[in-house]
Amino acid sequence: MDTLTFGIQRLIHLDLKGAPPKLAYFEKFFPFVKELGATGLLIEWEDTFPFLQELIHIGGLSNSAQTSCAPYTIEEAKQLLELAADCGLTVVPLIQTFGHLEYVLKHVQWRHLREVEAYPSSICPSHGETMALIRTMVKQMIAFHSNLQYIHIGADEVWHLGLCATCSKRLLTAKHGKASIYLDHITEVAQHIKENFPHLKVIVWDDMLRSIDANVLQEYYVGSLVEPMVWHYNNSETFRLGASLWDKYGNIFPNIWVASAFKGATSSCQVVPIHKHHVSNHEAWLSDLSLHASKITNLRGITFTGWSRFDHYATLCELLPCSIPSLCLCLKTWLSGSSTAEIYSSVSKMLGYVDNPLQADVIHRPLLDYTTPLNFPGWQILVGFEWFVHVRLKYRNIIDSDQMNTWFNQWQVLNNYTNPMQIESILPVLVDLHTEISSLENFVKTHLQTYFFPHTIEELLGTLILPIKEHLHQLKCECEAQITLGCRIRGHKRLNI
């Protein structure tokens, strides 16, 4: 396995379409991951990239981005790349060119390029204006990055293909059906890059290629145009790629990448990563690659993906600072060739978990009192969201409790038909939890302000904390009103409070 794990690229994926950190965080994060063993970054800029001219509305320089104090200015984006270069980290930009184009197709001026008019995810590959837009986006992305060796053109999860009137008509004569439409588009994009930027190697996500017959891929000379990044985020128990995939790819592609996940691949609204799952994913990758190593001509490297949203409109999942322990465990597992108790112990010591080390069999850590600071950038944010997970659990247990459902359900409140004895025991519990979540809100907000922009903080608080806080306040007021009313005969309407 050494020939596949050492001497190759180990890229850390930065998904900037969700919770993009301030430069102050990258100043600490880049040296940290370099020391950890990373060799580069796969930067998915999406709507944070400072697009110019006719594309200005889709990036960080748009009016909406500036109004919400969202990143990045041209100077900030350049400084981000300089910080990476100072740490000796290779940068590979990722720009979507087929699916996941919501950040472009949501705008009125490009709405007509959607494959399905109601859905902004996939672009129509048959429209006469599509390639002009893609070329302009790619040109600006490449021009902004110096010393590039690779560019990733996405092309994964094209949910809508062959559905518009023009594409449907093409399907009638397409030799290989939807596969032809897909391959026509990505090979045109790749050929454009090869012709205009011959020094660049083009990477694509592999999922859309998996179901296409090997002979079809050979017919399109895909192996000479792109390098697939094979992604799979399942744990060992459900990890399924199969020998046939490696047989096919090994015969077609001289160079192959793989992609695991250290966050953002379990639940679309996960708050803190499940370490056990992500470490298991890397164990599965190591096992699968060892089994099929002879079929791979050249493994370029691995990308440790860390998704911040499942798509442009999805809510945020795990923040980058919350995922540092998971990233460390996964990268050390990859470099060591397996996961061991020693890795958990060494990572725990490195990160400052002296009294309460990370453990392989713990899915959700107990709420800890961190009297000694931890040793990684943004650790206070992780502490805050671990606290939130426990507060949310207490809240759900109260809301779903027998006591609430039996003596304080909504029918009873609406009809003023409650027992004061029971309400008097419920009220202090609600008051205590409301006080705690208010403290949590202040703690989280204070530490988020150090590393994140206002639009991210507003979204996190509005999604996770404020709904619980406001509901607890409502319940508190209802309790107080019911106690004031006392026990009533059935049939009295609810008072306005």
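1. Let's start with a side chain: Arg111 is partly exposed, its relative accessible area being 36%. Arg111 pairs up with Glu117 in a salt bridge, where the closest N and O atoms sit 2.5 Å apart. Keep in mind while reading on that this is a predicted model.

2. Now the overall layout. The protein chain splits into domain 1 (1–351) and domain 2 (379–485). On the contact between them, domain 1 puts in 22 residues and domain 2 puts in 20 residues. Taken over C-alpha atoms, the centres of domain 1 and domain 2 are separated by 38 Å.

3. How much area is buried between domain 1 and domain 2? The figure is about 1,800 Å², with carbon and sulfur atoms giving 73% of that. On the domain 1 side, three residues stand out: Lys22, Val271 and Leu319 supply 29% of the area that domain 1 buries against domain 2, which is more than any other three residues. As for charged pairs, the count between domain 1 and domain 2 is one salt bridge.

4. Next, the nonpolar core. The largest one has 154 residues, and the members that touch the most others are Phe29, Phe30, Tyr182 and Phe385. Domain 1 (1–351) and domain 2 (379–485) both contribute residues to this core, so the core lies between them. There is also another core, apart from that one, made of 15 residues, including Leu42, Leu94, Trp257 and Ala261.

5. Which residues is Phe29 in contact with, leaving aside its neighbours within four places in sequence? The partners are Ile12, Leu14, Leu320, Ile324, Leu327 and Pro377.

6. Phe262 belongs to strand β9 (residues 255–263), and its relative accessible area is 0%, so Phe262 counts as buried. If residues up to four places away in sequence are not counted, Phe262 touches Ile12, His13, Pro273, His278, Phe304, Thr305, Gly306, Leu320, Ser323, Ser326, Leu327 and Cys330. Take Ser326 from that list: Phe262 and Ser326 are 64 residues apart in sequence, yet their C-alpha atoms are 5.8 Å apart in space.

7. Back to salt bridges, where the count comes to 13. One of them joins the side chains of Glu459 and Arg309, at 2.7 Å from N to O. In another, Asp206 meets Arg210, the closest N and O atoms being 2.7 Å apart. Is Asp206 buried or exposed? With 0% relative accessibility, Asp206 counts as buried, while Arg210 is partly exposed at a relative accessible area of 28%.

8. Lys469 and Glu441 also form a salt bridge, with 2.7 Å between the closest N and O atoms. Why does this pair tie together parts that are 28 residues apart in sequence? Because Lys469 lies in helix α18 (residues 454–485) and Glu441 lies in helix α17 (residues 420–451). Lys469 is partly exposed, at a relative accessible area of 22%, whereas Glu441 is buried, at 12%.

9. Two backbone spots deserve a second glance. As background, most residues other than glycine have a negative phi. Ala19 is not a glycine, but has a positive phi of about 50°. Ala19 sits in the loop between β1 (9–15) and α2 (23–36), and at 9% relative accessibility Ala19 counts as buried. Glu46 likewise is not a glycine and has a positive phi of about 50°. Where is Glu46 found? Glu46 is in the loop between β2 (40–44) and α3 (63–67), and Glu46 is buried, with a relative accessible area of 7%.

10. Finally, the database annotation. In an unreviewed entry, UniProt lists residues 53–220 as "domain: Glycoside hydrolase family 20 catalytic". In the model, residues 53–220 are 41% helix and 12% strand, and the end C-alpha atoms of this span lie 34 Å apart.

Key:
Residues are numbered from 1 along each chain as its sequence is written. This is a predicted model: local features need pLDDT of at least 70, side-chain atom pairs count only at pLDDT 80 or more; totals for chains, interfaces and linings use all residues. Side-chain values use heavy atoms; hydrogens and water are left out. A nonpolar core is a set of buried Ala, Val, Leu, Ile, Met, Phe, Trp, Tyr and Cys residues joined through side-chain atoms within 4.5 Å. Buried means under 20% relative accessible area, exposed over 50%, partly exposed in between (1.4 Å probe, protein chains only). Domain bounds come from an automatic or database domain assignment. Contact means heavy atoms within 4.5 Å. UniProt positions are given in the numbering used here, feature names are shortened, and annotations may be inferred rather than shown by experiment. Helices (H or I, at least four residues) and strands (E, at least two) are DSSP runs, numbered from the N terminus. Buried area is the accessible area (1.4 Å probe) that two parts lose on being put together, summed over both. A salt bridge is a side-chain nitrogen of Lys or Arg within 4 Å of a carboxyl oxygen of Asp or Glu.
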